[in-house]
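The paragraphs that follow go through parts of one structure in turn. Please keep the sequence and the model in view while reading.

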Amino acid sequence: MNKTLDLIRDFVEQALIAAGVHGHAVPVLRHVLLIVLTVLLAWLFYAVCRHLLMPLLLKLVRKTSMEWDDVLFNDTVLKSACCIVPALVVWKFLPLVFYQFPLVREVLARLTAIYIAVMVTRTLLALTASFRELVDTGQRRSSAQQYLRSLCGVIKLALVFAAIIVVIALAIGQSPLKLFAGLGATSAVMMLVFKDTIVGLVAGVRLTNNNMLHKGDWITVPGTQINGVVTDISLTTVKVRNFDNTIFTISPVTLVSGSFQNWIGMQRSNGRRVQRKVFFDVHSIRFVGRAEEEPGDGIPPIRMTNMGLFRRDIEQWLRHRADVNPDMLCMVRQLEATDSGIPVEFYFFLRQKEWRQYENHLAVIMEYIYASASGYGLKVYEQYPDQRSVQ
């Protein structure tokens with residue numbers, strides 16, 4: 001390469017002398033021509049990459065049946081890569097242009113190297129962002145997708161950190177390896193600066209490895225107003241869109257160290273649970289029908305109560321409803337008596353899991369239960385505001 005640069009320099013000098021240029025004008029014009037030549041070559045290489053090779057590569061990528069190459073080798077990545085090429089041309093031609101001015105050559109070489117380092121980092125960041133976009137497809141992420149997405153965030157931080165070290169090393173004329181080796185003394189400061197990121201990364205890895213949370217999950221967090229769908233999970237925050245369209249953010253560390261409820265199990269199941277209690281006045285419970293006589297065995301006659309009939313009929317009615325899943329647990333049971341009456345619990349699973357449909361079907365069922373109680377002679381317990389004072 002050095003021989004080629006020398007041949008180019010000699011050719012320019014001979015051309016100037018042949019054109020009648022002599023004396024001090026030769027080195028001046030030679031530097032001007034070499035600078036113009038370097039700029040033209042840099043522009044030419046950029047134009048070839050930007051307007052010839054890049055469209056050709058995009059066409060080849062779009063013809064393949066794979067999707068990952070379309071995302072990774074997109075316009076942003078390739079445009080950023082094309083910006084590196086002219087800087088490489090300038091880097092190679094600096095010894096040719098400023099061989100008589102070592103100080104100027106050294107300064108320009110450092111600036112060019114810094115530009116190359118920045119543009120390489122920019123290209124890698126764009127490539128990482130494209131990979132993150134590839135991983136981030138779909139309404140809901142798998143554990144592997146979330147782990148790779150968190151990994152992309154770590155890679156971005158590492159690239160930026162490495163670029164800063166390389167730029168500083170190039171600016172002061174030192175080897176980047178020496179600066180990296182000397183980071184042991186400043187590790188405590190770096191740990192303090194990136195404390196939230198490191199802790200968030202560990203928490204994010206725990207969330208994904210234990211399959212605790214994904215994008216698209218419906219979660220609720222006790223003690224907060226969070227009740228909605230996870231829209232984004234990063235190293236330091238988890239974004240949740242509540243059902244009133246408000247956006248809440250919470251730290252992954254808070255989710256891991258505390259507790260939250262993930263409704264994905266319900267969403268994947270064949271029904272959403274209903275567990276409602278109705279309190280009945282104990283004085284409205286009575287026997288109905290005739291006793292079944294069992295003479296000669298000494299066993300008292302069996303008599304059915306109106307509450308027993310009510311529980312049996314409602315349970316059969318629930319099992320035959322189209323919106324109730326009969327393959328899952330369905331029962332109507334009596335709980336321990338309280339000072340507010342005798343509670344009867346209705347436990348079953350609705351096929352409709354979406355919130356609006358779930359509430360509509362649940363309201364229809366409970367309204368029917370309330371209306372049916374009077375037909376069995378049962379009275380739903382009600383405590384009036386002045387009832388205790390009257391007693």
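**A sheet and its helices**

Strand β6 and strand β10 (residues 342-350) run antiparallel and are joined by nine bridges. One of these links Gln275 to its bridge partner in β10, Tyr347. This is a predicted model, in which local features need pLDDT of at least 70, side-chain atom pairs count only at pLDDT 80 or more, and totals for chains, interfaces and linings use all residues. Residues are numbered from 1 along each chain as its sequence is written, and side-chain values use heavy atoms, without hydrogens and water. Strands (E, at least two residues) and helices (H or I, at least four) are DSSP runs numbered from the N terminus; two strands pair if DSSP finds at least two bridges between them.

β6 and β10 belong to an open sheet of three strands, in the order β6-β10-β9 with antiparallel pairing. β6 (272-280) and β9 (331-334) each have a single partner strand and stand at the edges, so one side of each has no neighbour in the sheet.

Helix α13 (residues 306-319) lies across β6, β9 and β10, at about 160° to β9. Helix α14 (residues 355-373) lies across β6 and β10, at about 25° to β6. Such angles run from 0 to 180 degrees between N-to-C directions, with axes fitted to C-alpha atoms, for helices over the stretch in contact.

Asn245 is found in the loop between β3 (238-242) and β4 (247-250). Asn245 has a positive phi of about 70°, although it is not a glycine.

Definitions and conventions
Contact = heavy atoms within 4.5 Å.
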